[in-house]
Amino acid sequence: MAVSDIEIRDDRAAGRLEGVAAGEVVGRIEYFVLEAPARALVPVHTIVEPAHEGQGIAGSLARELYGIARREGVTVAPLCPYVVKWAERHPDEAPAADPELLRAAKEWLVAHPGLF
């Protein structure tokens, strides 16, 4: 299966960016929207189903998350280790988040245990 066969859909209400192939969710980024000190998309986990690993799905999801943020005029403040690494490898597509935003995102996560 090629990455081009994957449809990516944003389920904002559920906080999931999903990669769908043949009607089945094969990967997802779980995220939340931070409202303060500034609006940001905060990816927490990237999960690809074992049968679909190594096919570039996680990278496609990360790229699309940054694309959504760019279109909405907001920042991505990644807490997910995968997205952090992806952003380091793609600085042209993934502008670095303000350290204060990252700190606020971590504090939000600590204040909402059990969500992720």
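Reply: Happy to. Keep in mind that this is a predicted model.

Me: What's the helix and strand content of residues 9-98?

Reply: The span is 28% helix and 34% strand, and its end C-alpha atoms lie 27 Å apart.

Me: OK, strands then. How many bridges join E2 to E3?

Reply: There are 6, and strand E2 (residues 16-21) runs antiparallel to E3. The two form a hairpin with 2 residues between them, and alanine 22 in that turn has a positive phi of about 50°.

Me: And what does E3 do with E4?

Reply: E3 pairs with strand E4 (residues 40-48) over 8 bridges, again in the antiparallel sense. That's a hairpin as well, with 5 residues between the strands.

Me: Which residues are the bridge partners of isoleucine 29?

Reply: In E4, isoleucine 29 is partnered with threonine 46. Isoleucine 29 itself, in E3, is the bridge partner of leucine 17.

Me: Switching to packing. Which residues have the most contacts inside the largest nonpolar core?

Reply: Leu17, Ile29, Tyr31, Leu41, Ile57, Leu65 and Tyr66, in a core of 23 residues. The elements giving two or more residues to this core are E2, E3, E4, H1 and H2, and H1 gives the most, with 8 residues.

Me: What other core is there?

Reply: Another core, of 11 residues, lies apart from that one; Leu34, Val44, Leu79 and Leu101 are among them.

Me: Let's look at H2. Which of its residues are buried?

Reply: Val83, Trp86 and Ala87. Seen down the axis of H2, these buried residues fall within an arc of 100°, so they line one face of the helix. They pack against E3, E4 and H1.

Me: And what's on the face turned away from the buried side?

Reply: That face of H2 carries the exposed residues Pro81, Glu88 and Arg89.

Me: Now the aromatics. How many aromatic pairs are there?

Reply: The count comes to 3 aromatic pairs. One of them is phenylalanine 32 with tryptophan 108: the ring centres are 3.9 Å apart and the planes are at 20°, so the pair is stacked.

Me: Why does that pair count as stacked?

Reply: Because planes under 30 degrees apart count as stacked, and these planes are at 20°.

Me: Where do those two sit in the chain?

Reply: Phenylalanine 32 is in strand E3 (residues 24-34) and tryptophan 108 is in helix H3 (residues 99-111), so the pair ties together parts that are 76 residues apart in sequence.

Me: Buried or exposed, for phenylalanine 32?

Reply: Phenylalanine 32 is buried, with a relative accessible area of 6%. Tryptophan 108 counts as partly exposed, at 24% relative accessibility.

Me: What about tyrosine 66 and tryptophan 86?

Reply: They form a stacked aromatic pair, 5.8 Å centre to centre with 25° between the planes. Tyrosine 66 is in helix H1 (residues 57-72) and tryptophan 86 in helix H2 (residues 81-89), so the pair links distant parts of the chain, 20 residues apart. Tyrosine 66 is buried, with a relative accessible area of 4%, and tryptophan 86 is buried too, at 2% relative accessibility.

Me: Last one: which residues do ring pairs link into a cluster?

Reply: Phe32, Trp108 and Phe116.

Notes: Residues numbered from 1 in each chain as written. Predicted model: local features only at pLDDT ≥ 70, side-chain atom pairs only at ≥ 80, totals over all residues. Heavy atoms only, no water. Phe/Tyr/Trp six-rings, centres within 6.5 Å; stacked < 30°, edge-to-face > 60°. Helix = DSSP H or I, 4+ residues; strand = E, 2+ residues; numbered from the N terminus. Buried < 20%, exposed > 50% of the residue type's maximum accessible area, 1.4 Å probe, protein only. Pairing = 2+ DSSP bridges. Core = buried A, V, L, I, M, F, W, Y, C linked by side-chain atoms within 4.5 Å. Arc of directions from axis to C-beta. Contact = heavy atoms within 4.5 Å.
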